[in-house]
Amino acid sequence: MAGMNWDVWAFRLVFLAFVGWFAQQMLFRARLIAAAPDGFSTDHLEARADRFLTEVVFQSKVIGARPWVGIAHLGVFYGFVAFGLYTAVEAINGLGLVDLRHNTFFTIYRWLLVPFALAVLVGTV
């Protein structure tokens with residue numbers, strides 16, 4: 001690719017190194033789980049999905065135990081979820097794949113991130 005900057009290739013190399021390191025860490029943990037006495041179970045998927053939605057997505061356990069702390073935790077959680085898309089768009093631009101930062105959707109998304117940023121700020125203070 002003519003005209004590609006060296007910094008894009010450096011970022012790609014670092015990115016691939018970290019993906020490889022992450023994959024190695026996940027493989028290590030998968031082997032630990034497989035070697036455990038009861039192994040890894042995928043039974044009761046509906047109950048597990050329900051628990052994930054209520055306790056992780058809606059933070060019901062934390063809010064139920066300590067409402068103000070739970071609401072602050074919910075703001076921090078959703079703030080970081082919202083930052084995930086922003087970070088992904090910046091990463092794919094940094095990798096030289098596609099630049100989505102200047103389209104209408106992402107411009108609106110950036111403006112909508114402001115309340116999430118404030119929620120994270122308030123939730124961590």
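The largest nonpolar core has 5 residues, namely Ala82, Val89, Phe106, Tyr109 and Leu113. A nonpolar core here is a set of buried Ala, Val, Leu, Ile, Met, Phe, Trp, Tyr and Cys residues joined through side-chain atoms within 4.5 Å. The model is predicted, so local features need pLDDT of at least 70 and side-chain atom pairs count only at pLDDT 80 or more, while totals for chains, interfaces and linings use all residues. Residues are numbered from 1 along each chain as its sequence is written, and side-chain values use heavy atoms, with hydrogens and water left out.

**Overall build**

- The protein has 5 helices and 0 strands; helices (H or I, at least four residues) and strands (E, at least two) are DSSP runs, numbered from the N terminus.
- Read from the N terminus on, the elements run α-α-α-α-α.
- The C-alpha trace spans about 55 × 45 × 25 Å along the principal axes of the protein.
- The radius of gyration of the protein is 20 Å, whereas a compact globule of 125 residues would have one near 14 Å. This radius is taken over C-alpha atoms, and the globule rule is 2.2 Å times the number of residues to the power 0.38.
- Of the 125 residues, 12% count as buried. Buried means under 20% relative accessible area, exposed means over 50%, and partly exposed lies in between (1.4 Å probe, protein chains only).
- The accessible surface of the protein comes to about 9800 Å², and 73% of this surface belongs to carbon and sulfur atoms. Accessible areas come from the Shrake-Rupley method with a 1.4 Å probe; for residues, only the protein chains shown count as cover.
- Among contacts with a separation of 6 or more, 45% are between residues 24 or more positions apart. Contact means heavy atoms within 4.5 Å.

**Aromatic rings**

- A pair of aromatic rings is described by the distance of the centres and the angle of the planes.
- Rings of Phe, Tyr and Trp (its six-membered ring) pair if their centres lie within 6.5 Å; planes under 30 degrees apart count as stacked, over 60 as edge-to-face and the rest as tilted. By this rule there are 7 aromatic pairs.
- Phe11 and Phe15 form a tilted pair, at 6.3 Å centre to centre with 40° between the planes. Both residues lie in helix α1 (residues 6–35), 4 residues apart, about one turn of the helix.
- Phe11 is partly exposed at 34% relative accessible area, and Phe15 is also partly exposed, at 37%.
- The ring centres of Phe105 and Tyr109 are 6.0 Å apart and the planes are at 20°, so this pair is stacked. Phe105 and Tyr109 both lie in helix α5, 4 residues apart, about one turn of the helix.
- Phe105 is exposed, with 56% relative accessibility, but Tyr109 is buried, with 15%.
- Tyr86, Phe105, Phe106 and Tyr109 form one aromatic cluster.
- Leaving aside neighbours within four places in sequence, Tyr109 is in contact with Ala82, Leu85 and Tyr86.
- Arg12 lies over the face of Trp9, at 4.4 Å from the ring centre. A charge sits over a ring if NZ of Lys or CZ of Arg is within 6 Å of the ring centre and within 35 degrees of the ring normal.

**Val8 and its contacts**

- Val8 lies in helix α1 and is buried at 13% relative accessibility.
- Apart from neighbours within four places in sequence, Val8 is in contact with Gly94, Leu95 and Gly96.
- Val8 and Gly39 are 31 residues apart along the chain, and their C-alpha atoms are separated by 42 Å.

**Loop residues with positive phi**

- His44 has a phi near 55°, a positive value in a residue other than glycine. His44 is found in the loop between α1 and α2 (45–57) and is exposed, with a relative accessible area of 58%.
- Gln59 also has a positive phi, of about 55°, although it is not a glycine. Gln59 lies in the loop between α2 and α3 (60–65) and is buried, with a relative accessible area of 5%.
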